[in-house]
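Here's a quick walk through a couple of helix pairs and a ligand site.

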Amino acid sequence: MKIADARVVVSSPGRNFVTLVIETVDGITGVGDATLNGRELAVASYLRDHVCPLLVGHDARRITDIWSYLYKGAYWRRGGVSMAAIAAVDVALWDIKGKAMQTPVYQLLGGAARDSILAYGHASGNSFDELDASIQGFLDKGYRAIRAQAAIPGIPHTYGIGTTPGATYEPANAASPDEEVWETSLYLEFAPKMIAHVREQFGSTFQLLHDVHHRLSPIEAARLGHDLEPYRLLWLEDPTAAEDPSAFRTIRAHTTIPIAVGEVFNSIWDFQHLITERLIDYVRASVSHVGGITHLLRIFSLADLYGIRTGSHGPTDLSPISLSAALHVDLTVPNFGIQEYMPFLSPAEEVFHTSYTFANGYLHPGDEPGLGVLFDEQAAAKHPYTPRYLPVNRRVDGSIHDW
Ligand code: GCO
Ligand code: MG
């Protein structure tokens with residue numbers, strides 16, 4: 001089953017996505033997601049110029065071999081661009097294998113270890129009233145786990161807030177990076193009040209999560225974790241810049257709040273010490289940023305050994321192909337925790353026809369052969385790439401802060 005063709009489609013149905021299409025000589029097509037928000041064309045070029053020409057003639061069934069060929073063969077290992085490119089190839093090959101064997105990918109990964117996949121949604125608001133209405137909207141749709149973010153008084157725009165009440169949050173909406181303002185002391189005062197408000201308003205009827213988005217120093221994160229302990233969060237996400245694993249020792253020394261980390265990581269090596277030293281509780285890897293299904297499974301297996309659960313990244317800046325791939329993995333791994341889920345911006349559904357379902361707070365990848373995603377290249381062509389960037393953060397004194 002040799003690879004006959006590999007091509008890259010960059011399109012913008014609602015937001016930018018980079019899609020890899022691999023075709024075998026037998027006419028089987030597989031798709032992979034190579035989207036790296038705000039740096040899309042770098043991955044498209046990596047694939048087009050350096051990977052697609054090498055794939056032609058390889059046996060599409062040899063997924064692990066092709067993975068190692070691309071990872072070790074480049075010599076320059078890891079990094080967001082390389083690992084997103086390898087991920088797209090890997091996921092497309094799993095899709096092809098499933099279609100060739102007429103079975104959903106999750107069956108190839110060991111079969112379902114659960115009936116359905118607990119998902120969490122993103123509630124947000126510019127005021128407590130708006131946040132309450134947003135949470136109620138998710139509860140009405142059946143969600144059992146909700147992430148809560150609200151605008152910090154005194155700051156013009158806070159991370160994680162939809163532009164209008166109920167709208168999906170999309171941060172990359174400007175042709176050049178928007179500049180947001182950040183003030184840590186205001187956030188540290190506000191966040192515990194916001195979470196306390198949610199628990200007072202709604203009780204403990206659902207799992208509550210909160211994302212710090214890498215913005216605190218280790219001791220600030222420790223203080224926030226301590227302040228939030230009474231509210232029993234399912235997790236506190238990315239409390240501090242994730243590239244320094246030793247920071248998490250400081251956090252752990254002061255609080256029992258569960259910690260989730262990993263959406264900016266690219267490989268098992270980024271997770272190694274956080275997992276083996278039991279410094280985190282949830283692995284938040286993106287299937288499309290850590291080299292695809294093959295490598296994600298290795299990270300999840302290592303985490304399982306240490307009692308750490310999974311919480312795959314699932315924002316709308318990963319394409320529906322990545323969400324589908326994550327769901328196939330979620331269904332099978334013994335240490336699954338929770339899956340992030342945001343409805344895609346319209347008109348993504350015209351381009352990506354998916355088989356996954358959502359009901360009563362739970363997702364399922366469906367039973368179509370392969371990943372269960374039909375990618376319509378003609379529809380994609382109607383939505384050409386438009387440059388869009390994530391914002392940057394400046395402190396009130398004008399200096400750059402982590403966004
Ligand atoms: C999340 C993330 C995203 C990121 C986005 C950046 O928890 O889903 O923090 O919202 O900001 O993936 O492109
Ligand atoms: Mg996050």
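This is a predicted model: local features need pLDDT of at least 70, side-chain atom pairs count only at pLDDT 80 or more; totals for chains, interfaces and linings use all residues.

**Helices α2 and α3**

Start with α2 (residues 63–73) and α3 (residues 80–100), whose axes sit 10 Å apart at an angle of about 165 degrees. Angles over 145 degrees count as roughly antiparallel, so that's the label for α2 against α3. Their crossing is right-handed. On the α2 side, the contact uses Ile63, Ile66, Trp67, Leu70 and Tyr71, while α3 brings in Met83, Ile86, Val89, Asp90, Leu93, Trp94 and Lys97. Sort those by class and you get 10 nonpolar, 2 charged and no polar residues.

**Helices α5 and α6**

Next up are α5 (residues 128–140) and α6 (residues 184–202), which cross at roughly 50 degrees with axes coming within 11 Å. That angle makes α5 oblique to α6, and the crossing is right-handed. From α5 you'll find Phe128, Leu131, Asp132, Ile135, Gln136 and Leu139 in the contact, facing Phe190, Lys193, Met194, His197, Val198, Gln201 and Phe202 of α6. Here the tally is 8 nonpolar, 3 polar and 2 charged residues.

**Around ligand 1**

Which of the 15 residues around ligand 1 come nearest? They are Asn37, His213, Glu237, Glu263 and Glu340. The table gives some distances from a polar side-chain atom to an oxygen atom of ligand 1, with Glu237 turning up again.

| Residue | Distance to an oxygen atom of ligand 1 |
|---|---|
| Arg147 | 3.3 Å |
| Asp211 | 3.1 Å |
| Glu237 | 2.8 Å |

Methods: Residues are numbered from 1 along each chain as its sequence is written. Chains are lettered from A and ligands numbered from 1 in the order in which they are written. Side-chain values use heavy atoms; hydrogens and water are left out. Axes are lines fitted to C-alpha atoms, for helices over the stretch in contact, and angles run from 0 to 180 degrees between N-to-C directions. Helices (H or I, at least four residues) and strands (E, at least two) are DSSP runs, numbered from the N terminus. Angles under 35 degrees count as roughly parallel, over 145 as roughly antiparallel, 65 to 115 as roughly perpendicular and the rest as oblique. A crossing is left-handed if the near helix is turned anticlockwise from the far one by less than a right angle, and right-handed if clockwise. Contact means heavy atoms within 4.5 Å. Ala, Val, Leu, Ile, Met, Phe, Trp, Tyr, Cys and Pro count as nonpolar, Asp, Glu, Lys and Arg as charged, and the others, Gly among them, as polar. A residue is near a molecule or strand if one of its heavy atoms lies within 4 Å of it. A polar contact is a pair of N or O atoms within 3.5 Å; within protein, one must be able to donate a hydrogen and the other to accept it, and residues adjacent in sequence count only if both atoms are side-chain atoms.
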